[in-house]
Amino acid sequence: MHRFEPAPNLLLVGGPKTGTTSLMHWLREHEQIFHPWPNESQFLIAGAAEFPTSPIHPKGTAILAPYADLSNYNKENYVMDKSAFHLYSTRALSSIKDQMPEAKVIITLRDPIDIMLSMHQEHRKRLIDYTLTQDEMIDYCREAGFVIDENNPQTYSFMRFPQLKQPVLEWVEKLGDRVRIIPINSLKAAPIQTLNEILEWLGVEKFSDDINLSKQNESGMINSARWAQFVRKPPTILASLIKILIPTQKLRKAILDPIRSPAFKPKPYRRPELSEDVRKELETVFSEELEFQKNLSKYIDSKLIIDKSR
């Protein structure tokens with residue numbers, strides 16, 4: 001069992017594909033913000049998954065939090081976590097409310113259709129065994145009635161994750177001033193101003209105007225070349241032979257990772273444009289969510305919203 005203290009007190013809880021990765025990278029450049037994981041941890045939902053997290057990871061799949069490296073922790077004011085599925089977890093919200101009273105929470109928003117399509121592209125980029133095209137994914141959702149069904153992993157992440165209204169309002173109701181809501185357009189249009197308002201809320205020094213901010217986790221597609229497919233999933237007999245010839249996992253990683261890594265590197269990709277009819281169909285499906293984000297201050301105290309895009 002791995003324990004560490006202090007517990008994270010700056011939480012980027014999602015949603016997925018809403019700019020959380022870039023925001024995480026930018027914030028961890030601050031001298032008073034420490035981030036102990038390479039990327040996401042999902043530490044508050046570790047265990048049996050409450051809901052599907054991808055088309056090939058159904059409800060009940062084991063989620064294991066990665067090791068938190070505290071070797072460089074130097075008593076920074078904030079220990080940050082980025083876990084984009086926490087937003088949809090009643091377990092995570094309950095833990096933050098009851099066991100983490102000092103934690104501050106950032107929720108980022110994005111157009112629901114963009115989230116749906118970006119989630120599809122992310123699955124195609126990361127999951128070797130997921131091969132549905134964008135049109136096929138939309139067909140699956142259409143055949144399922146465009147409903148959120150936690151027992152249908154093929155459609156869940158495309159229907160649940162874009163719909164932010166219900167979880168956002170619930171987190172704001174339970175946590176109040178401990179939450180800040182940030183539309184992704186604010187991160188795109190005015191990243192430094194947005195960051196500095198976050199830092200002012202956290203009570204730490206602001207960034208200088210000349211800080212270099214690079215985008216992270218941009219779009220791409222898994223390499224479909226035959227050589228790349230072979231390297232990613234070599235024949236069983238070859239994999240067994242390699243284990244005999246190179247008996248330790250550490251040595252195999254040292255020798256084979258430089259050879260295998262190009263096969264896992266996403267290739268640049270531009271996702272297909274939606275037809276006018278399909279876009280109108282999805283606008284109808286997500287009409288409540290679109291209205292919520294368009295009129296955010298009608299639902300949430302404007303003091304809790306950071307939006308520098310207007």
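**Entry 1: strands β1 and β6.** I looked up L10 and found that it stands opposite K104 in β6. I note that the model is a predicted one. Strand β1 (residues 10-12) pairs with β6 in the parallel sense, over three bridges.

**Entry 2: the sheet.** I then traced the sheet and recorded an open arrangement of five strands in the order β2-β5-β1-β6-β7, with parallel pairing. At the edges I found β2 (33-34) and β7, each with a single partner strand, so one side of each has no neighbour in the sheet.

**Entry 3: strand β7.** I next examined how β7 is joined to β6 (residues 104-109): five bridges link the two strands, which run parallel. For T108 I noted I182 as the bridge partner in β7. I recorded that V179, I181 and P183 point one way from β7, while R180 and I182 point the other way. Five of the five residues of β7 (residues 179-183) are buried, so I describe the strand as largely enclosed by the rest of the structure.

**Entry 4: helix α8.** I looked up what α8 (residues 191-202) covers, and found that it lies across β1, β2, β5 (78-82), β6 and β7. Its direction is at about 160 degrees to β6.

**Entry 5: helices α2 and α6.** Lastly, I checked the packing of α2 (residues 90-99) with α6 (residues 165-175), and recorded an angle of about 15 degrees with the axes 10 Å apart. The two helices are therefore roughly parallel to each other. I noted a right-handed crossing where α2 passes α6. In α2, A92, L93, I96 and K97 meet E170, W171, K174 and L175 of α6.

Conventions:
Residues numbered from 1 in each chain as written. Predicted model: local features only at pLDDT ≥ 70, side-chain atom pairs only at ≥ 80, totals over all residues. Heavy atoms only, no water. Axes fitted to C-alpha atoms, helices over the stretch in contact; angles between N-to-C directions. Helix = DSSP H or I, 4+ residues; strand = E, 2+ residues; numbered from the N terminus. Parallel < 35°, antiparallel > 145°, perpendicular 65-115°, else oblique. Left-handed = near helix turned anticlockwise from the far one by under 90°. Contact = heavy atoms within 4.5 Å. Buried < 20%, exposed > 50% of the residue type's maximum accessible area, 1.4 Å probe, protein only. Pairing = 2+ DSSP bridges.
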